[in-house]
Amino acid sequence: MNHDRPSVPETPQVVAGLLAEFDRPETLVAAAARVKAAGYRTWDCHSPFPVHGIDPAMGIRPTILPWLVVGAGTAGVLVALVMQWWTNAVDYPLNISGKPLFSLPANIPVTFELLILFSALTAFLGALALNGLPFFSNPIFSNPRFRRVTNDRFFVSISAADPAFGEEATRAFLQSLDGVAVVEPFHRPAAPPKIPAAFHIAGALAVCMACFPPLLIAYARATKSAKPRIHVWPDMDSQAKYQTQTAHPLFPDRRSMRAGVPGTVAVGRLNADERLYEGKDGEQWVTSVPVEIDAERMRRGKERYEIYCAPCHGLSGEGDGIMAQRALEREEPWVRRSLVDDYAVKLPVGSIFNTIRHGKNTMLPYGAQVPPADRWAIVLYVKALQRAQNATIDDVPEELRDKLQ
Amino acid sequence: MSDLAIRADDNTGNDPLRRAPLALGGQTYASVTETVCAVAEREGTTRAWRIAFAVSATLTLAFFASIGYLIVTGVGVWGNTNPVYWAFPIVNFVFWIGIGHAGTLISAILFLFRQKWRTSINRFAEAMTIFAVMCAGIFPGIHVGRVWLAYWLAPYPNQMLLWPNFRSPLLWDVFAVSTYATVSAMFWYLGMVPDLATLRDRAKTPIRRTLYGLFALGWHGSARQWHRYERAYLLLAALAAPLVLSVHSVVSFDFAVSQVPGWHTTIFPPYFVAGAIFSGFAMVVTLMVPARAFFGLKNLVTVRHLENMNKIILLTSLIVGYAYGTELFISWYSGSTYERFAFFNRAFGPLGWGYGLMVLCNVLVPQLFWFKKCRTTPWIMLVVAVLVNVGMWFERFVIIVGSLSRDYLPSSWGHYVPTAIDLLMLVGSFGLFFTLFLLFCRYLPMVAIAEVKPVLPVTKPADETA
Amino acid sequence: MHTKEVPNIADEPNTLADVGPRLRRYAAIVGGVALALALISGLFIGDGGKYLLHSYLTSYCFFLSLSLGGLFFVAVQHASRAGWSVSVRRIAEILGGNLPLMALLALPILVPVLLGNGHLYPWVDRAYLDAHPVVAQKTAWLNGWSFAGRCAVYFAIWALMARFFLNGSTKQDEQGGTELTLRMERWSPLALILFALTITCASVDLVMSLSPEWFSTIFGVYYFSGSTVGALATIIVVACLLQRAGRLTHAITVEHYHELGKLLFAFVVFWGYIAFSQYMLIWYANIPEETRYYLARQTGGAGAVVGPWAYVSLLLVAGHLLIPFVGLLSRHVKRNRKLLVGWAVWLLVFHWVDMYWLVMPSLGRPGLPFGFTDVFCILGLGGAYVAGTLWIAGDRRWIAVKDPRMSEALVFENT
């Protein structure tokens, strides 16, 4: 492997250790055992791939990495659980379709993922850290033959810093190993290069700057501000319209919020006929339906009743609609409201009309969904139901009386 | 029994008394290094590579152009509408994430099962995972509508005093896919460090030496380093294995936690995982068959490797078929009108052609792999693999679009029509995938050199077993 | 690179021909007496045998799962051409060989169904079908003769497959050679397909139909995951017992226990994954026809939302997943035979609790049902199972001595 590399640098070099080169993994393992037996401590073996059996030969003790990973994994689980509990159940409780605020089944996936993420990051970064990587200025690279370590050669390296190291003695020892091809030194600069002050200053500056964001956040959380929140994307902040409580240049009083002009009514909204539109006659409720009564209207009323009213009040008006049944099933509070009992029969039709329009107690208003004509149709149908539920045998037509007897 | 013999030039035999060699052609350590590094060290590129790159780069540009158009105009450029609110974008997301799973399976799960044949293909497959996850991640990113607010998905303290909803599968997806991307990248990179060191040590130009050297982190093959490296590799494998199961399970939860008939079945998690492995392996085969021919890797990625992958494709095809059958049976067994209709509609409704295609490509076609001839012939396995990926895309399409277009209320039923942008994005995502992949092939070591060397015949003594 | 010396196992004792008949007799006596006592105890309860049937089914499903798991183990080892497992495979083959006996022991479950007794399976009852139209819709599947016929098919297939692998492997003890290995390998994929289909349908029939209105597509996988945990635990325990009795001393090494421990750990996690998937999806969608199943396993039947069964459910999660997860994580534990066997026994206990959790809530009675009947059923079926295993084993060797990959298994080392 001939490369054009920069020549040996000018700075004075000193022997940093010796390398012994082998070409088979088995010989490396045997050599390792002998080096260990010879009492060396600051030494290593190098290979293009992990060699089976070298760990016991070198006496490499199991790394603590698995323990670090277990610890990180546990931390991941705790962080995930606390995060989900605090954010969704305490700080800003979110009711998602009635699920418990801290729902363990739903919180397991994120917990599991963070377990894996924390563990994996620790395994990766821990392996690099324990291996002392990145380390680009390793003196061992100074020997060009060493480049074959990532290809097809195996090496033993003994550092000059080892107490048992002696350049001649160690060289002789290495040459005596089985299968050794070459023994060569590797060098390092005599004086370790000094890190320029600029790096230290830059590093300190970086650390200081890194403290700013969390401090800013903490400050912002602890204090109040009169300014609106920071918008990273001012998407709909400036809209081409006048907002409430802002100034408006057109009007003399400069208010954006205007009251309706007195005495005006929106087109189609006059609704002058109080009897028709409100079911009222002065202060009283009307007692007769102010629209034409015919079979068509009754049919319409039945249809509309069954759409809007029957779910709660029931098809027969007795208050046993499916909503009521469901509430009973689920043992939840529900007030059954019959439309055909004595109280309801006595109500003036205008009152019933008004209840449809505005709602009453827990019943929501239906004025928006049911136009006035339909409301009267429903009122009509309700009266029919009342008649039906409180009927006597005389109400039944002659022809059908026998069927009932 | 003659097809069982393991010959010097053909390691697809099956002799119980010995394990087949995993590399052919009398490989030595140096020859492996040479074979793999030669591709990255080549001066200039081959014409085939340039043509492929031109095509994929064009598609990539089209992809990004359509994304730009989407962001400027809005999600209305897609065909998503009432009632099919999720369509191509999510189908593409699930498709690409699924493909990514094979890489992790090969790296992690086959490693845990001590399947030494994985060493020739794991680097390749892991790279495929990374690129597939990149393609996948783009789709949920752009389908949120206001893409520039996607960071709201992360739980960070903000001035709105809001936190994301951790009870939502869509948020679980954020965590799962991010974790998956991170862990896959770390696993891939860690495995590559020794090989980058190989390229560093062979580098002839200063630029290459610096770049490879930088990413090789100063690796020097020390046994002590290997020891920690191997422990980390094992730990990452042991973590990545359940991770890969969890990621596609979480993706399946997107659908299974709902009440939509055809989506809400408990078998979704393992079914989706099996389907992901299925499509992933098919993609590895699709890429590997031409790559080994073009890049001269036939002696390292042998027919036996391909055959083993095809067996896994067959296995997962059967699992997917089992899931189809179980869903059909239980939908009848449930007695629920909605469940029964959902599956009846899948097969006989307007998207029935998609269902037929899915069953054909996923269940029927891979059965060819029962035959050794089909398992060991590159052009046949390439056709099968491509069809499998087509089938798996349609599976997600049929499930997602099919169930949404017709669920509980017939008055809400609708018909889905994809737009040109939908189709362009699907095709364009392949462009991005292949562009990244071609760059990987060109500059990085495609085969895990340091993992193949220990499993070469020359390393093993005569009676040590695999 | 060092090479391991292959130990010679040809001469070490590997059959139970000497103590087998005697142990078999004891087990059969214990089994027979306990079953009789179970019958008496069951009748004593006075509910027409309903409790007894449920209790019997619980223990039955437990022992059935061990044999099915063993069969699966064997088929997978053949299909994947595994080398490490060759020395423990015979144990699983013999466990699978018990399946014909399980067919016989299924009669107390099948006969009442055929006679129209709906105490165990409500769908047998005409009145129940009238009250539950949803179940009536599935009468094509859920009716006595169809049910019994299917069970016959399952057992026929299982018995055939178990015999194929056990006899094939045993024949190889005499013959040696590679043809039998190749033959078993060739048929193993089909065996796995048939296994998947039959175990799914069997678990649907035997267990899921106890709640005929409920359904879950993952149920077959759930039962399968539990059965592999049970089978692996049983293999570990049996291997240990054999070695304590002086057999297979060098054939099964610490490396095998380590590997079995790893697989046990993996399947414990797999079980947890499947159980969680099923639970969480049903919990999340909150559809009453599905949640009813879990509510029954959460209440005590008195109408309260949380009751005694909640404790059993939590105990199951803790004992079948969380605690063994932590316990089996360490490499150290998996390589220590005593500790590993301890965990195997623990998991067998909790596998039984899993079956109990699946079956007993269908009794529909308040509180937790556990009493003499259950103990007698466990002992009764257990005794029968042990006796059956020893009978199947007979003079056979407990190790596939002439398997071509035996040398691989004997020098096998975990990384």
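## Starting with salt bridges

A salt bridge is a side-chain nitrogen of Lys or Arg within 4 Å of a carboxyl oxygen of Asp or Glu. With that in hand, look at the side chains of E408(C) and R19(B), which meet in a salt bridge with N and O 2.8 Å apart. Side chains of opposite charge can pair when their charged atoms come close.

Please keep in mind that the structure above is a predicted model. Over all chains, it holds 40 salt bridges. Several of them turn up in the tour below.

## Chain B as a whole

Let us begin with chain B. It has 15 helices and 0 strands. Its radius of gyration is 23 Å, close to the 23 Å that the globule rule gives for 466 residues, so chain B is as compact as a globular protein of that length. The C-alpha trace of chain B spans about 70 × 60 × 40 Å along its principal axes.

How much of chain B counts as buried? Of its 466 residues, the share is 61%. The contacts inside this chain also tell us how it folds back on itself: among those between residues at least 6 apart in sequence, 80% join residues at least 24 apart.

T302(B) sits in the loop between α8 and α9 of chain B. Is T302(B) buried or exposed? Its relative accessible area is 0%, so T302(B) counts as buried, the cut-off being under 20%. Leaving aside residues up to four places away in sequence, T302(B) touches N11(B), L22(B), A23(B), L24(B) and R292(B).

## Where chain B meets chain C

Chain B also touches chain C. This contact takes 46 residues from chain B and 56 residues from chain C. The area buried between them is about 4,400 Å², with carbon and sulfur atoms giving 64%. The interface has 2 salt bridges, and 18 residue pairs are in polar contact, both residues at pLDDT 80 or more.

Which elements of chain B give two or more residues to the side that touches chain C? They are α5, α7, α8 (268–294) and α9 (303–333). Of these, α9(B) gives the most, with 10 residues. By class, this side of chain B has 23 nonpolar, 14 polar and 9 charged residues.

E259(C) lies in helix α11 (residues 254–285) of chain C and R114(B) in the loop between α3 (88–112) and α4 (122–143) of chain B, so the pair joins two chains. Both E259(C) and R114(B) are buried.

## Salt bridges within one chain

Some pairs stay inside a single chain. In chain C, E93(C) forms a salt bridge with R90(C), with the closest N and O atoms 2.9 Å apart. E93(C) and R90(C) are separated by about one helical turn because they are 3 residues apart in helix α3 (residues 86–96) of chain C. E93(C) counts as buried at 3% relative accessibility, and R90(C) is buried with a relative accessible area of 0%.

In chain A, salt bridges that share partners join E21(A), R145(A), R148(A), D152(A) and R153(A) into one network. Within chain A, the side chains of R153(A) and D152(A) meet in a salt bridge at 3.8 Å, N to O. R153(A) is buried, with a relative accessible area of 19%, and D152(A) is buried at 8%.

Note on methods: Residues are numbered from 1 along each chain as its sequence is written. Chains are lettered from A and ligands numbered from 1 in the order in which they are written. Side-chain values use heavy atoms; hydrogens and water are left out. Buried means under 20% relative accessible area, exposed over 50%, partly exposed in between (1.4 Å probe, protein chains only). Helices (H or I, at least four residues) and strands (E, at least two) are DSSP runs, numbered from the N terminus. Contact means heavy atoms within 4.5 Å. Buried area is the accessible area (1.4 Å probe) that two parts lose on being put together, summed over both. A polar contact is a pair of N or O atoms within 3.5 Å; within protein, one must be able to donate a hydrogen and the other to accept it, and residues adjacent in sequence count only if both atoms are side-chain atoms. Ala, Val, Leu, Ile, Met, Phe, Trp, Tyr, Cys and Pro count as nonpolar, Asp, Glu, Lys and Arg as charged, and the others, Gly among them, as polar. The radius of gyration is taken over C-alpha atoms; the globule rule is 2.2 Å times the number of residues to the power 0.38.
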